[in-house]
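The following text walks through one protein model. Please keep the sequence and the coordinates at hand while reading.

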Amino acid sequence: MITKKTGYDTDTICAISTAPGRGAIAMIRISGKDAFAIADKVFEPFAQDARLTDQKGYTMHYGNLSDGDEIIDAVVAGVFRAPNSYTCEDVVEFSCHGSPYIQQRIMETLITAGARVAEPGEFTLRAFLNGRIDLSQAEAVADLIASTSKASHEVAMKQMRGGFSQKIEKLRQQLVDFAALLELEMDFSEEDVEFANRAQLRELLDDLKSEIKQLIDSFRLGNVLKHGIPVAIVGKPNVGKSTLLNALLNEERAIVSEIPGTTRDSIEDVISIRGFAFRFIDTAGLRDTIDTVENIGIERTREKMEQAAIILYLFDLNNFSVEELNETIKNLNQQYGDQDKRIILIGNKTDLLVEIPHNFNELVEHETIFVSAKRKENINLIVDSLLRSVEHGDLDSDVLVSNARHLQALQQALKFVESIEEGFTINLSTDLIAVDIRHALHHLGTITGKITTDEILGNIFGKFCIGK
């Protein structure tokens with residue numbers, strides 16, 4: 001990882017910023033103090049007196065990009081002057097034809113002219129180190145690039161706009177103010193002066209705990225929206241789980257057979273429904289069996305049920321016992337049911353019914369959805385129920401946590417805030433309480449980048465693509 005310690009600001013970097021492969025257009029970016037000088041070595045504008053070094057920012061210029069006397073391509077050069085660029089440095093962006101050969105030749109020419117190849121995420125790293133964005137916003141850039149649904153896109157955009165950063169900074173500032181008062185008390189400890197109002201500080205701690213817990217609690221929703229909502233399709237063998245998966249995906253994704261135990265491993269696929277990504281998981285049927293391979297699949301089914309945000313429990317309307325079904329629902333709720341996991345009951349094979357199922361009223365009370373997966377009848381009712389499972393969440397919040405690193409930092413901060421509270425309860429000395437405050441500030445600071453290490457930066461920016 002390139003950092004200020006290794007003199008990143010003395011280098012001018014370049015990289016292909018568009019996706020690998022052939023396309024109509026590709027874009028190659030240069031950033032650094034010599035960006036214009038290097039660009040002028042290889043770029044010859046069609047207009048006279050149009051050297052990029054002399055041009056205003058936010059202007060575009062058409063010309064040839066050459067390696068010596070050999071013209072590589074006709075390109076458009078975009079000029080962005082420091083500090084009004086993505087990296088806060090001088091930046092030139094060449095838009096060329098999307099031939100992989102042309103892209104590679106331009107890169108070789110820029111390197112010969114004095115640039116070096118950028119490290120993964122180095123453009124965004126420079127934006128962070130130069131104050132353009134904070135660390136949580138930089139991570140949101142990667143999330144935005146990786147977004148595959150409307151919901152994951154919105155979560156990333158909200159974080160990029162800085163609402164989450166402002167929330168964290170507000171929490172830190174409250175702690176900083178009181179830490180300063182406690183530090184003053186320690187300076188005047190011999191005079192027995194109390195600068196910090198203890199009742200006010202306890203009220204602050206209660207507010208901090210409440211707000212941090214809300215952020216921690218928002219992670220489950222934020223995480224599933226970012227990665228896709230896991231939906232496990234479970235039930236006994238041969239109740240139509242694979243058929244239902246195919247109906248939901250509208251393609252023959254899973255093998256369908258009348259032989260029980262056909263599915264022996266989980267099958268996953270993701271589709272977007274009204275902006276939400278759902279990750280459907282077809283699992284091995286739940287039953288007692290002596291088949292070793294099938295038992296492994298059943299164990300994986302239980303693991304997927306644990307991981308899922310929603311469980312679709314499927315049963316055959318033509319072959320079920322209400323008593324057994326009630327016991328199954330009870331067991332599912334005991335093992336997997338909580339406020340964050342929803343269990344949806346689905347009665348399948350309505351196409352084979354010759355009469356109304358026995359104890360139909362009890363099924364209605366369980367809010368059972370009646371479908372024919374084979375004929376794709378009432379599949380829309382399942383979709384509506386799935387959407388209700390996520391649309392009740394606080395999607396309008398600008399402080400939805402979706403990053404596991406942020407979650408861990410918040411959990412650590414909460415631990416020290418609770419330790420501070422305990423210290424006041426037992427009349428712990430001011431200097432020991434101040435230590436816990438500094439620890440809480442440290443963990444909150446790692447979220448936005450107020451406090452960083454090379455290891456943190458390496459882990460974050462090393463996951464970026466090279467051109468970003």
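The paragraphs below take up the sheet, a helix, the salt bridges, the aromatic rings and a surface patch.

The model is predicted, and local features are taken up where pLDDT is at least 70. Its open sheet has 6 strands in the order β9-β10-β8-β11-β12-β13, and the pairing is mixed. At the edges are β9 (267-273) and β13 (369-370), each of which pairs on one side only. Inside this order, β11 (residues 310-316) and β12 (residues 342-348) run parallel and are joined by 7 bridges.

Helix α8 covers residues 219-227, and its buried residues are Phe219, Leu221, Gly222, Val224 and Leu225. In an α-helix, residues three or four places apart point the same way, because there are 3.6 residues a turn. After α8 comes Gly228, with a positive phi near 105 degrees.

The structure holds 19 salt bridges. In one of them, Arg274 and Asp384 meet through their side chains at 3.1 Å, N to O. Arg274 lies in the loop between β9 and β10 (276-282) and Asp384 in helix α13 (residues 379-391), so this pair ties together parts that are 110 residues apart in sequence. Arg274 is exposed, because its relative accessibility is 58%, whereas Asp384, at 26%, counts as partly exposed.

Another salt bridge joins Arg51 to Asp54, whose closest N and O atoms are 3.3 Å apart. Arg51 is partly exposed, with a relative accessible area of 47%.

Aromatic rings form 8 pairs in this model. Ring pairs link Phe128, Phe461 and Phe464 into a cluster. A ring also takes part in a contact with a charge: the charged end of Arg29 sits over the ring of Phe123, 5.2 Å from the ring centre.

Ile466 is placed in the segment after α16 (454-461). With 41% relative accessibility, Ile466 counts as partly exposed.

Conventions:
Residues are numbered from 1 along each chain as its sequence is written. This is a predicted model: local features need pLDDT of at least 70, side-chain atom pairs count only at pLDDT 80 or more; totals for chains, interfaces and linings use all residues. Side-chain values use heavy atoms; hydrogens and water are left out. Helices (H or I, at least four residues) and strands (E, at least two) are DSSP runs, numbered from the N terminus. Buried means under 20% relative accessible area, exposed over 50%, partly exposed in between (1.4 Å probe, protein chains only). Two strands pair if DSSP finds at least two bridges between them. Rings of Phe, Tyr and Trp (its six-membered ring) pair if their centres lie within 6.5 Å; planes under 30 degrees apart count as stacked, over 60 as edge-to-face and the rest as tilted. A charge sits over a ring if NZ of Lys or CZ of Arg is within 6 Å of the ring centre and within 35 degrees of the ring normal. A salt bridge is a side-chain nitrogen of Lys or Arg within 4 Å of a carboxyl oxygen of Asp or Glu.
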